[in-house]
Amino acid sequence: MVDAEALENAARILRGGGLVAMPTETVYGLAADATNDRAVAGIFKAKGRPRFNPLIAHVPGVPEAARHAVFSPLAERLAAAFWPGPLTLVLPRRADSSLSLLASAGLDTVALRSPAHPVAQALLAAFGGPLAAPSANPSGEVSPTTAAHVAESLGARVDMILDGGPCAVGVESSIVKVDGDCAVLLRPGGLDIASIERVAGAAVRRVAAGPVEAPGMLASHYAPRARLRLDVVDPQPDEAFLAFGAPPAGAQVVLQLSLERDLKEAAANLFAHLRAGDRAVVERGLVRIAVAPVPADGLGEAINDRLRRAATPR
Ligand code: TXA
Ligand code: MG
């Protein structure tokens, strides 16, 4: 795991403008000094991101976030209820924020999140500043939920990988833009919308991809190499089957999201199983991955969102 020496090394790399893969409770992030334009540019280069899309700045908590963004009472309530945790807030940028303009892609808003993983918090403490971090995978590919996933896909393009074990949540944070007393969901994620609405005290609008083309909002994203067929009850013999509950008798290669049909467990398994499905397709000469229907309530909204994007042809 991660000891004090590893954290000090990681902080030194970050101060020098390097890249460190860090565990968070959602997915592994590719972290760099969020106040350093060159370091942030290094993230885009390592991921092969086609354009400079804005990144999330990770902070220990509200006091640090408040140096960079203006919190309305609603934003304060959401942060108090869900930070640290899988909620990213998009808020008006403060004029005196030290965040790299590249990290926020020149917008007048910034995305901020306080991650719940102890290693992410320890790294933030050791580094002593905000960390820009998108998911630690090449652009368009499946997000990593273990340190091994990061090593497989980014390898030498990252200066150091901190291994904090498998991610407990398994899908990216929910992104909510807060403008005064109005909240809009930009990306469904690890925090279910019903919980957000309970604290907001009002319905939260969902928006489709806006002028800011969030990578997580591109039609094809989180994509494995194999093709996907969704909402499958009876998989064919030449399909790997991503099951949710007991699979049908005929299913050949079964990857179980959750036998007990628990959405939390399914979210935590989703990206690792998509990778395993990819491998099974290649190794066993199958034609594609078939996916069982997953209910759309609670975390199911984020799971279905990622599955739809993964199934969209590139
Ligand atoms: O769980 C997560 O959120 C992970 C972990 C590492 O924290 N991070 C993550 O980052 O998923 P990334 O870069 O893959 O997604 C960040 C999303 C993008 O869709 C981006 O467009 C959006 O946040 N975003 C960032 N700043 C924004 C802004 N000012 N306005 C609107 N969207 C913004
Ligand atoms: Mg991503």
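G300 sits in helix α9. Helices here are DSSP runs of H or I with at least four residues, strands are DSSP runs of E with at least two, and both are numbered from the N terminus. This is a predicted model, in which local features need pLDDT of at least 70 and side-chain atom pairs count only at pLDDT 80 or more, while totals for chains, interfaces and linings use all residues. Residues are numbered from 1 along each chain as its sequence is written, chains are lettered from A and ligands numbered from 1 in the order in which they are written, and side-chain values use heavy atoms, with hydrogens and water left out.

Is G300 buried or exposed? G300 is buried, because its relative accessible area is 0%. The cut-offs are simple: buried means under 20% relative accessible area, exposed means over 50%, and partly exposed lies in between (1.4 Å probe, protein chains only). Leaving aside neighbours within four places in sequence, G300 is in contact with L263 and P295. Contact means heavy atoms within 4.5 Å. G300 and D192 are 108 residues apart along the chain, yet their C-alpha atoms are separated by 8.5 Å.

N304 belongs to helix α9 too, which covers residues 300–311. N304 has a relative accessible area of 14%, so it counts as buried. A polar atom of the N304 side chain lies 2.9 Å from the backbone oxygen of G300. Such a polar contact is a pair of N or O atoms within 3.5 Å; within protein, one must be able to donate a hydrogen and the other to accept it, and residues adjacent in sequence count only if both atoms are side-chain atoms. Not counting residues up to four places away in sequence, N304 touches V294, P295 and A296.

## The whole protein

The protein has nine helices and 14 strands. Its radius of gyration is 19 Å, close to the 20 Å that the globule rule gives for 314 residues, so the protein is as compact as a globular protein of that length. The radius is taken over C-alpha atoms, and the rule is 2.2 Å times the number of residues to the power 0.38. Along the principal axes, the C-alpha atoms fill a box of roughly 60 × 45 × 35 Å.

Buried residues make up 56% of the 314 residues. Consider the contacts with a separation of 6 or more: residues 24 or more positions apart account for 66% of them.

## Helix α2 and its ends

Helix α2 spans residues 37–47. Its buried residues are A39, V40, I43, F44, A46 and K47. They pack against β2 (29–33), β6 (131–132) and α6 (147–154).

What caps the N-terminal end of α2? N36 does: a side-chain oxygen lies 2.9 Å from the backbone nitrogen of R38. After α2 comes G48, with a positive phi near 65°.

## Two contrasting residues

S174 lies in strand β8, residues 174–179. S174 is buried, because its relative accessible area is 0%. Beyond neighbours within four places in sequence, its contacts include P86, L87, T88, L185 and I196.

R67 lies in the loop between α3 (62–65) and α4 (73–82). R67 counts as exposed, because its relative accessibility is 54%. Leaving aside neighbours within four places in sequence, R67 is in contact with R94, D96 and S97. R67 and S97 are 30 residues apart in sequence and 6.2 Å apart in space, C-alpha to C-alpha.

Most residues other than glycine have a negative phi, and most peptide bonds are trans. A105 is not a glycine, yet has a positive phi of about 50°. A105 lies in the loop between β4 and β5 (109–113). With a relative accessible area of 32%, A105 is partly exposed.

R261 also has a positive phi, near 55°. R261 is in the loop between β13 (253–258) and α8. R261 counts as partly exposed, at 46% relative accessibility.

Which residues does a cis peptide bond join? The pair is W83 and P84, with omega about -10°. P84 is in the loop between α4 and β4 (87–92).
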